[in-house]
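Subject: Handing over the structure

Hi there,

Here is the structure I promised to pass on to you. Please open it alongside this email, and my notes on what turned up follow below.

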Amino acid sequence: MRKKTFAAAALLAAATLTLSACGSGDTGKDPVAVVSEDTSHKAATVLDKPFEKPDLVLTDTHGKKYDLRKETAGRPTLIYFGYTHCPDVCPTTMSNIAVAKKALPKAEQERLRVVFVTTDPARDTPAELGKWLGGIDPQFVGLTGDFPTIQAGARTLGISIEPTTKDKNGKPVSVHGTQVVAFSPRTDGGYLLYGEDATVDDYTKGLPRIVKGENP
């Protein structure tokens with residue numbers, strides 16, 4: 001896995017360009033950002049200024065309050081915003097991470113937090129999230145809550161999400177950024193960004209170093 005450097009501020013400014021309408025055939029555009037090297041065909045983006053972890057207090061799959069900063073403090077953490085009815089990008093991304101996670105030693109699997117925050121809270125109830133994530137990896141954390149709170153939290157990571165709408169066929173579609181943000185257990189800063197093209201191999205190579213707070 002190779003790395004690239006983006007200016008975090010530029011990512012935030014380009015947030016509206018990082019959207020994907022799951023199942024619509026529209027994969028969105030790559031974020032416009034300042035880079036310090038050739039970044040084509042690279043899976044992991046190393047940010048020159050890490051993101052702060054979102055200050056989110058949502059509801060987990062057990063219906064209990066989950067304070068994201070408190071619960072993941074000092075732990076390697078991956079955060080992704082998506083929805084359970086997504087037919088393509090979301091299940092692929094989460095499955096890739098789940099497969100790569102199994103290659104870690106047991107103790108490191110226990111330390112790692114993978115957090116899936118729904119972009120479609122009207123349909124993704126705690127029970128629905130629990131059922132969906134349970135089929136991928138029961139250790140994954142699923143969070144739901146009111147949409148404005150989730151949208152604001154995603155925006156702090158330069159990830160744009162939009163309220164669920166219906167396409168021309170009447171099918172509900174959630175448009176959202178498809179990045180996975182990795183947070184260091186050393187600093188709690190979000191210093192790595194994975195795009196939707198990241199493969200199982202990319203995560204398998206990167207997770208051992210992410211768990212230690214190192215750059216892949």
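Two rings of Phe, Tyr or Trp (for Trp, its six-membered ring) form a pair if their centres lie within 6.5 Å; planes under 30 degrees apart count as stacked, over 60 as edge-to-face and the rest as tilted. Bear in mind that this is a predicted model, where local features need pLDDT of at least 70 and side-chain atom pairs count only at pLDDT 80 or more, while totals for chains, interfaces and linings use all residues. Residues are numbered from 1 along each chain as its sequence is written, and side-chain values use heavy atoms, with hydrogens and water left out.

Let me begin with the rings. The count comes to 3 aromatic pairs. In one of them, the ring centres of Tyr80 and Phe116 are 6.0 Å apart and the planes meet at 35 degrees, so this pair is tilted. Tyr80 belongs to strand S6 and Phe116 to strand S7, so the pair ties together parts that lie 36 residues apart in sequence (strands are DSSP runs of E, at least two residues, and helices are runs of H or I, at least four, numbered from the N terminus). Ring pairs link Tyr80, Phe116 and Trp132 into a cluster.

Next, the interior. A nonpolar core is a set of buried Ala, Val, Leu, Ile, Met, Phe, Trp, Tyr and Cys residues joined through side-chain atoms within 4.5 Å. The largest one has 33 residues, and Leu78, Met94, Phe116, Phe140 and Ile210 touch the most other members. Several elements give two or more residues to this core, among them strand S6 (77–82), strand S7 (113–118) and helix H3 (89–101). H3 gives the most, with 6 residues. Leaving aside residues up to four places away in sequence, Met94 touches Tyr80, Val114, Phe116, Trp132, Leu133, Ile136 and Phe140 (contact means heavy atoms within 4.5 Å). A second, separate core of 21 residues includes Phe51, Tyr66, Val115 and Phe183.

Finally, how many disulfides does the structure hold? There are 0, a disulfide being a pair of cysteine sulfur atoms within 2.5 Å. Cys90 is in none, and its nearest cysteine sulfur, that of Cys86, is 3.2 Å away.

Happy exploring!

Conventions:
Buried means under 20% relative accessible area, exposed over 50%, partly exposed in between (1.4 Å probe, protein chains only).
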